[in-house]
Amino acid sequence: MSLSSRIRYVLLLGLLMVILAGCGTDIAHPPPIGPESTGIWDKFFVYPLSWLIKESALLLGGSFGLGILVATILIRTLTLPLNVKQIKSSKAMQVIQPELQKIRDKYKNDPQRVQQETMLLFQKNNINPLAGCLPLLVQMPILIAFYNAIIRTSEIREQSFLWMQLGEKDPFFILPVLAALTTFLQQKMMGSAMQNNPQMQMMLYMMPIMILVISMTLPSALALYWVYGNIYMIIQTYFLYKDNRTTQKSPKGGASK
């Protein structure tokens, strides 16, 4: 994901926090969600998530924490093609970084020419700079629907899992810290080729801090979904970047033989 994409990510996360906080303060007694709910949003987004979590929990001995895990795995698997496209775009961006730097150095006094040459380079290498935004655009409505499913489903909202009540904030802030740490680890795995960029280093720390703040203000169930999703992405990124690590190690291995 490019620097501009990461900045947009942080801004959208901040906007999401405002939206979700607003949902919590404006609806003191949220209307329940169920099969009789009407409207496109409730019927096709919120209720299916509520139903999926409840049915999964029922199959797993009544554990709604595990029900959220099942929902997370299913959602992440359905959005896997977009995430794969994002990671492929990120890998391609890493490959052309030296050429991008040459363009910036050559036309450092002509920003418009830098932009033109950069777009030509993207076209030449079949790179879509907006590919990194697609998973984010999909995840935003899912997060908002997840929030609604939690606060409008009493079975989820009133259940406990481990040390927390799913409809309340984590009293010990363990989940927010885990959400921030797993976000940092995931970014570190995806952005290893851009560590020399000070701005990228700044974003590497800003995003986990933003996640930490957001998770501290939202129900534990949503923070749990975030942690589960990050772990899924870490595993996914590990395997999708496996070829890169093998390629980087092979010259040394070849030299040693």
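Tutor: What follows is a walk around helix α2.

This is a predicted model, in which local features need pLDDT of at least 70, side-chain atom pairs count only at pLDDT 80 or more, and totals for chains, interfaces and linings use all residues. Residues are numbered from 1 along each chain as its sequence is written, and side-chain values use heavy atoms, with hydrogens and water left out.

Helices here are DSSP runs of H or I, at least four residues, numbered from the N terminus.

Take D42 first. D42 sits in α2. Its relative accessible area is 15%, so D42 counts as buried (under 20%; exposed is over 50%, partly exposed in between, with a 1.4 Å probe and protein chains only). The side chain of D42 makes a polar contact of 2.9 Å with that of R152. A polar contact is a pair of N or O atoms within 3.5 Å; within protein, one must be able to donate a hydrogen and the other to accept it, and residues adjacent in sequence count only if both atoms are side-chain atoms. Beyond four places in sequence, D42 is in contact (heavy atoms within 4.5 Å) with residues including I33, Y47 and R152.

Now the aromatic rings. W41 and F45 are both in α2, four residues apart, about one turn of the helix. They form a stacked pair, 5.1 Å centre to centre with 25° between the planes. Rings of Phe, Tyr and Trp (its six-membered ring) pair if their centres lie within 6.5 Å; planes under 30 degrees apart are stacked, over 60 edge-to-face, the rest tilted. W41 is partly exposed at 31%. F45 is partly exposed too, at 39%.

pLDDT is the predictor's confidence in each residue, from 0 to 100. The chain mean is 77, and 74% of residues reach 70 or more. Confidence is lowest in α1, at a mean of 49, and highest in α3, at 91. Where pLDDT is low, the predicted coordinates should not be read in detail.

Key. Helices (H or I, at least four residues) and strands (E, at least two) are DSSP runs, numbered from the N terminus.
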